[in-house]
Number of protein chains: 2
Amino acid sequence: MNRIEREDALELDRADRLAAFRDRFVLPEGRLYLDGNSLGALPRATSDAVQRVVSAQWGQDLIAGWNAHDWIGLPQRIGAAIAPLIGAKPDEVLVCDSTSVNLFKLIAGALLLRPERSVILSEPGNFPTDLYVAEGVAALRGGVRIDLHEADSIAEAIDETTALVLLTHVHYTTGRMLDMAAITRAAHAKGALVLWDLSHSTGAVPVALNESGADLAVGCGYKYLNGGPGAPAFLFVAEALQTQIRQPLSGWMGHDSPFAFEDSYRPAARLDRFLCGTPSVIGMAALEAGVAQFRDVDLPALFAKGRALSALLVRLMGERCAGFGFQLASPGNAEERGCHVSFRHADAYPVCQALIARGVVGDFRAPDRLRFGMAPLYTRFADVFDAVAHLETVMRDRLWTEPRFQLRGRVT
Amino acid sequence: MNRIEREDALELDRADRLAAFRDRFVLPEGRLYLDGNSLGALPRATSDAVQRVVSAQWGQDLIAGWNAHDWIGLPQRIGAAIAPLIGAKPDEVLVCDSTSVNLFKLIAGALLLRPERSVILSEPGNFPTDLYVAEGVAALRGGVRIDLHEADSIAEAIDETTALVLLTHVHYTTGRMLDMAAITRAAHAKGALVLWDLSHSTGAVPVALNESGADLAVGCGYKYLNGGPGAPAFLFVAEALQTQIRQPLSGWMGHDSPFAFEDSYRPAARLDRFLCGTPSVIGMAALEAGVAQFRDVDLPALFAKGRALSALLVRLMGERCAGFGFQLASPGNAEERGCHVSFRHADAYPVCQALIARGVVGDFRAPDRLRFGMAPLYTRFADVFDAVAHLETVMRDRLWTEPRFQLRGRVT
């Protein structure tokens with residue numbers, strides 16, 4: 001197999017049927033942005049959408065905006081737009097609060113639904129907020145234990161004490177994708193529920209919640225969905241569970257009749273019971289614009305492009321950066337991972353900083369991971385080529401040893 | 001005492017030293033907006049502030065925005081700007097999540113701090129979300145009871161079983177203001193904690209959290225703080241409690257070292273432990289612009305104006321709308337209420353709709369309340385006069401009996 005040259009990458013871009021979607025995004029000149037899995041890029045439509053809500057709707061219609069512009073329907077409307085990306089029905093997805101808050105609702109909801117069971121299973125190294133929120137639920141509830149097992153042995157660890165299996169579908173550093181259907185089946189065989197964190201999956205890889213029989217899921221609005229920094233998150237509750245499950249963040253928007261102002265909580269009939277407080281309308285407007293970018297995308301083609309991008313990165317790293325001490329920390333097979341790829345390197349932090357100084361934005365994840373995210377809606381094959389070429393230069397010329405790249409600042 | 005005429009109201013506006021602040025807000029022509037206690041008006045500065053965050057910061061700097069524009073510091077920065085409005089220290093106030101979510105954190109935190117106590121005291125007819133969230137905490141925690149007592153007898157009801165007294169400082173319908181210092185003292189005498197909901201107080205009436213020895217508080221960002229629909233909310237934890245109290249919504253942003261990505265939760269040293277997920281940066285930017293409107297306001301003068309506006313409304317209702325069946329549902333003395341005033345009327349719903357049709361925006365609260373909110377930053381004395389004049393016409397000519405005003409739609 002010949003070495004990949006820049007012209008080959010350009011040829012892949014020319015052949016890419018999705019190439020035009022890139023024009024829908026603001027992508028600053030001189031930057032190779034490979035961090036869309038951390039914060040997605042700004043869709044060109046978003047500024048106007050936000051401005052419309054602020055100036056025309058809030059400014060002119062004030063309180064009447066809730067009905068006149070259906071602000072009140074945003075959680076369901078954006079949820080329905082996300083549903084096809086994750087293999088769910090429109091009325092199974094709701095947009096509200098943050099991923100962490102939604103995790104709390106669903107973890108607590110699962111425990112309340114399995115009161116005779118006391119164990120939450122997860123994996124060590126899961127995204128921290130998932131584990132931290134489980135701890136918080138357990139501390140308030142009492143009598144609940146969190147058991148961590150490596151992902152490969154988690155199915156065997158499920159037993160009749162397991163209330164909930166809490167896993168991230170695509171791991172935030174390694175990008176490893178778990179077998180949703182198999183793990184869900186194993187959980188159900190023992191009567192346990194499963195909660196999937198789809199933060200690094202949604203909009204990047206195929207997700208088949210209904211087909212897998214999944215119970216519960218959450219996901220992030222500011223990564224591949226391009227909803228903006230700190231965008232509202234989403235949650236999924238399978239139709240069959242919606243009338244049984246209760247959740248303790250029982251704010252007024254989840255009441256069956258919020259504007260009756262009753263003293264006692266009566267949960268809304270179905271998914272709306274997962275609402276809590278008043279939704280952030282301006283944040284929702286930005287997320288709605290982000291999700292709308294997926295409307296006329298051929299999803300199988302999008303996911304295939306994501307795999308091709310990550311495969312190209314791994315191949316180029318082998319061809320151009322072998323011998324510099326990088327170790328692939330992601331599965332070698334693109335089918336088994338998300339759209340981001342991680343490498344271990346003892347000097348990952350200064351290497352990442354040296355890349356950023358050259359306009360190549362990936363990110364560092366403690367203690368030793370360099371992570372590159374490819375967003376198939378706007379990342380080009382040539383971007384991947386150029387990023388690896390920069391990395392080759394950084395390593396060959398030892399540019400990362402410059403003192404300015406060593407100092408560890410606040411990293412997000 | 002002579003009857004107040006329109007010229008008198010105009011004279012009050014001419015004498016108002018705060019009159020110029022109105023120009024900082026977008027207030028649509030032909031509307032008398034007396035619902036700023038439900039959704040505050042749009043500050044003129046907000047559109048640019050939001051646009052800057054969206055287009056210049058997110059669009060151009062992408063992930064680097066978290067540090068470059070100190071997005072990560074928004075919760076503390078806006079909290080510090082709210083602190084002087086509520087008599088708190090800058091490091092006692094944090095902006096994050098919704099009021100409902102923050103209620104959950106603090107109610108649960110109080111129960112965890114008083115594990116040997118089992119009762120939450122509140123009043124019937126408190127704002128629903130406060131009661132609903134207390135129910136949710138109690139359901140998850142188990143062994144907790146919520147006791148409702150009329151506000152006047154709540155101090156006597158506090159005993160050694162009381163973990164938390166949960167009250168709204170200014171009641172959402174009646175506008176009645178409770179004696180924060182006295183109730184807090186009564187609670188402390190029995191070792192109980194107090195949580196004050198300041199949603200209808202902040203920016204409208206003087207609040208002296210520290211002087212009252214208050215423990216905990218929450219408040220809303222979209223009412224008098226003018227943060228926009230569904231704006232993030234704030235919470236207050238007295239300095240002395242910050243290192244002792246734990247809260248169960250333990251998302252990664254509340255970790256002592258969020259970017260160390262540890263498996264176990266270690267709460268941040270102080271108030272930051274009340275953060276949960278990633279803050280909504282766009283929503284925060286709008287709220288920051290809203291709160292900034294208070295920066296150079298003479299607060300005692302602002303609160304005096306609020307009292308004068310509500311006193312004028314009550315007086316005018318007596319002079320012009322007596323005999324139409326309205327009953328004042330708020331305290332008669334302006335010192336004992338917030339900046340909104342409610343009236344009971346059997347036909348409050350169609351009356352409210354008939355007023356809205358004439359451009360007078362107050363609101364209806366089930367089952368029979370007509371509510372008018374005066375926002376001292378932008379409501380004029382003449383607005384109050386004109387609103388009552390419209391109401392007089394609506395009642396005298398029985399305009400509210402038109403069929404189109406009877407049909408109850410979705411009300412927010």
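1. How many residues does the contact take from chain B and from chain A? The contact takes 85 residues from chain B and 85 residues from chain A, where contact means heavy atoms within 4.5 Å.

2. This is a predicted model, in which local features need pLDDT of at least 70 and side-chain atom pairs count only at pLDDT 80 or more, while totals for chains, interfaces and linings use all residues. Residues are numbered from 1 along each chain as its sequence is written, chains are lettered from A in the order in which they are written, and side-chain values use heavy atoms, with hydrogens and water left out.

3. Between chain B and chain A about 7200 Å² is buried, with carbon and sulfur atoms giving 64%; buried area is the accessible area (1.4 Å probe) that two parts lose on being put together, summed over both. In chain B, the residues that lose the most area to chain A are B:Trp58, B:Tyr132 and B:Leu140, together 12% of what that side buries.

4. The count of salt bridges between the two chains is 0, taking a side-chain nitrogen of Lys or Arg within 4 Å of a carboxyl oxygen of Asp or Glu as the criterion.

5. In chain A, an open sheet of 4 strands has the order β11-β12-β15-β14, with antiparallel pairing; strands are DSSP runs of E, at least two residues long, and two of them pair if DSSP finds at least two bridges between them. β11 (327-328) and β14 (363-365) of chain A stand at the edges with a single partner strand each, so one side of each is left without a neighbour in the sheet. A:Leu328 stands opposite A:Phe343 in β12(A).
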